[in-house]
Every structure is written in C-alpha cells, then in structure tokens.
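The following paragraphs walk through selected parts of one structure. Please keep the sequence and the coordinates open while reading.

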Amino acid sequence: MLIEFSVGNYKSFRDVETFSLVATKTKSKDIEIDNNNSFSADNNADKELNLLKSAAIYGANASGKSNFASALRFVKSFVIGSSRETQFADSIPVEEFRLSTSDDGESSFFQVVFLMDKKQYRYGFEVNSQEVVSEWLFNIPTNKEVKLFERRNGKITPSSTQFKEGKGIDDKTRNNALFLSVVAQFNGAVSQKILQWFRSLSVISGLSDLGTREYTIRCLQSDKHKDEILKFVKRLDLGIDDIQIEEFKLTDESLPKNMPEDLRVAILKNTKIDKFAVKTVHKKFDKNGKQTALEVFDIDSHESEGTKKLFSLAGPIMDTLKNGKILFIDEFDARLHPLITYEIIKLFNSNKTNPNNAQIIFATHDTNLLSNKLFRRDQIWFAEKDKNGATHLYSLAEYKVRNDASFESDYIHGKYGAIPFIGDLKQLFEGANA
C-alpha cells in the first residue's frame, strides 16, 4: 500500500513536493463516503493510520501531471533494474529541473513511504546522471523508526542487526546502481520483497494502449481474471457479448509490404514472435428485434477508440482490484465517457468491490468527477506551476470548503487554482480581414 511519494529537482518539479494517500481528519457530508473511500491500515507502528483508496490529480495542460507519472515510472524502473540493466559507464536516465541556473548540477530526489508486511517503510535516493549520490531505507517495526541502511558520500552502512543481508554487498555496488537492487540480486529477503512491492505498482498512460492490451490478452489466455474482465466489458454498454483471442504466427504475407527488407528478415527469423487478434462478438437481430445470430468484429477495424481503451484497461484494473495493488493512470479520461470513468472509480471506492484495498491514482481533466458524492476532499489533488515554471502539488483538504460545496463549479471558477489562464484568442485574428 502506498502512503506517500515525494519528488524534487526532476523535470518540472524543482522543490521537493509530496503526494499523500493518508486520510486526513476531514469528514464527508455522507458518512458512507468515508467508510468506503478510506481504510484503516493494518500496521504495527501507527494504529491510527488511515489510507485512501483513490485520488485524482487535476491541473492545466503542462502543469506537471504527466511529469509526476514519469517520476513514479522512473523510480519503479530504476529500483527494479539498476543492478542488472546498467553497466559501469552507463548514465542514469534522470532529468533535473532545467529552468533555474541555481539548480544546475544538483541531484534529483525521490522517496516512497509504503506499507509492506504490516510494517511501514521509507525508502529513497538522490541521483544525477552519473551516480547515486545518496540512498536510504528505514522502517517502523513498532513505534520508532529504525535505519536498515544509509548511503552517503560514497559510503554504504547497512545495519548489522536490522539489515544483515546487506553485509559485504557494498563493494559490489556500482556508483550508478542502487544498493537495494544489488542486495536483492544477492537474494536479500527484505530487499527482494521491496522490489516485489515496486513491481505491484503499475504506471500506465491513458493515451496509449501499448503494453496494457497485451496484458489483458494474457489474462484472457491464462484465465486470469477472465470472468471479471468479460463482465467488466459487457456491463459498460459497449454492445459486446463476448471476446475471442486469435493467435497466429507472423508470416511474410502478414508483414507490411513497405517494410525494410533487413527488418523483415530479422522479424521472420525470430520464430517466437506471435501476433494476437482481438475479436468482439455482437448479437445480430432481425427486423422484429429477435436475435438470430452472432457477428464477430475485429477490435481494431470495427470498434471505437473508447472500446479499445476499455479493453486494454480491463486487465490492469481487474488485476489491481483482485490483488490489492496500486495503479496510476495518466490521462485517465482520454477517449472515455465521463459516466464510465465515474463507475470505474466507484469500483475502487467500495468495500464490496475493493475488499483488498487496492489503490488507484489518476491524472485527469474530467471535472464531472469533482463531486462530494464520489470523493473526500483529501482525495482531490492539484498540480500547478508557479511563475518560474516549477510544479507544486496540493490537496483540496488544505482549503476551508463546506462539505456540501460544489467542487466542480468552484474549481472551474478558479477558487482552487490549477486551471489555465488563457489570453484573448480573438486577438489572433485582429486585422486579418482589414
């Protein structure tokens, strides 16, 4: 379970900004919103820790919402792969804040606080393009935070009692690799579990189906969440009665005719490459409205962009809900009807459909979701850039807002900020007809 995530000096984030899924003391107008949208975290340290099941991030275009997703994606990728996917001289793919000369050469900051095995962990690191500047891991087994290891000024000091698995691994850690990742490579029990926690964090784009469609296809082929995926698609009023997956080998005839010959040869030599076609099944009716047959469509040729996206999201959403994982979707509302996005969020904001306390975070422009009937105030976040181009994150819980206030209307009218300030576009055409 994610508690909070902090990022600084990365892309549009200059200062360290912290996004939190800790439920505040705020109360909703409807007590059922509080009961369903938050939960008591089962942990050994803080019996009063309550977390949120969902959160939305609003902001103008270019406000930094996608950079927040990028930061999460970078941390996950670097934690999981830095020990084995980088070589000694490889640079670290991190981009510092570039709109201030005072920050030139400074390291980027990342920190994640999360819950694992009923213990609260705080893990973070600072990096530049050449090296890991610092790294730390703490946990709270009971009431007091305990250091597992710390990395400062090129020296790594693992605790001899709390992190025995790190002993003797420091000299095997390259400057451009994370110590946590290296220890996991040497079968460290705690570090491997932490890497597995990061694997349970999915960061996907709502603008592209790349990766998510393949995952949904694999779920259907392996019967993993198959029934739930089919029910999910059927009940969204898409007219789909069933889904079929057809698998076939790539052949010379199936490749584009204008493909470069060297690429064509390379692909055909790789016999492991298979292609999957997704077929949607629809009921066919006669003139009296009586079903007479079934018609099979190709999803790419015959279905809408929204249907394609919903099919691609079905696998990750069902997997997240069933296994209590964490899902971040950037541009969640793209290609989707507002009522559909509303219903998807309700799946997470429910003790019945989300008994494992899965968490979804999403960036959106859909103001229809800004409702006190769907969210608590602490579930609504904003991203806004200051005059120097730096992104700041803040929650609606920081404002004094009545429980019955119209979040959507107040946001559109600029009460909470994080909206675009658009000039008079008519001036573009002044004098054009003179």
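**From a loop to a buried strand**

Arg335 is found in the loop between β15 and α10. The model is a predicted one, and in it Arg335 has a positive phi of about 70 degrees although it is not a glycine. With a relative accessible area of 30%, Arg335 is partly exposed, because that class covers values between the 20% limit for buried and the 50% limit for exposed.

How many of the five residues of strand β15 are buried? Five of the five residues, 326-330, are buried, so the strand is largely enclosed by the rest of the structure. In a regular strand, side chains alternate between the two faces of the sheet. In β15, Ile326, Phe328 and Asp330 point one way, whereas Leu327 and Ile329 point the other way, and all of them are buried.

Asp117 sits in the loop between β6 (108-116) and β7 (119-127). Its relative accessibility is 48%, so Asp117 counts as partly exposed.

Helix α2 (residues 65-85) contains Ser83. Is Ser83 buried or exposed? Ser83 counts as buried because its relative accessibility is 14%, and the limit for that class is under 20%. From this position, the side chain of Ser83 reaches the backbone oxygen of Ser181 at 3.4 Å.

The last stop is on the surface. Ile422, Leu425, Leu428 and Phe429 form a nonpolar patch there, and together they have about 510 Å² of accessible area. One of these residues, Phe429, is located in the segment after α11 (407-412). Phe429 counts as exposed because its relative accessibility is 61%, and exposed means over 50%. Phe429 is thus exposed as part of a nonpolar surface patch, whereas Phe328 in β15 is buried.

Methods. Residues numbered from 1 in each chain as written. Predicted model: local features only at pLDDT ≥ 70, side-chain atom pairs only at ≥ 80, totals over all residues. Heavy atoms only, no water. Buried < 20%, exposed > 50% of the residue type's maximum accessible area, 1.4 Å probe, protein only. Helix = DSSP H or I, 4+ residues; strand = E, 2+ residues; numbered from the N terminus. Patch = residues over 30% accessible without salt bridge, like charges linked within 9 Å, V, L, I, M, F, W, Y side chains within 5 Å. Areas by Shrake-Rupley, 256 points an atom, 1.4 Å probe, with all protein chains shown as cover. Salt bridge = Lys/Arg side-chain N within 4 Å of Asp/Glu carboxyl O. Polar contact = N/O pair within 3.5 Å; in protein donor to acceptor, adjacent residues only side chain to side chain.
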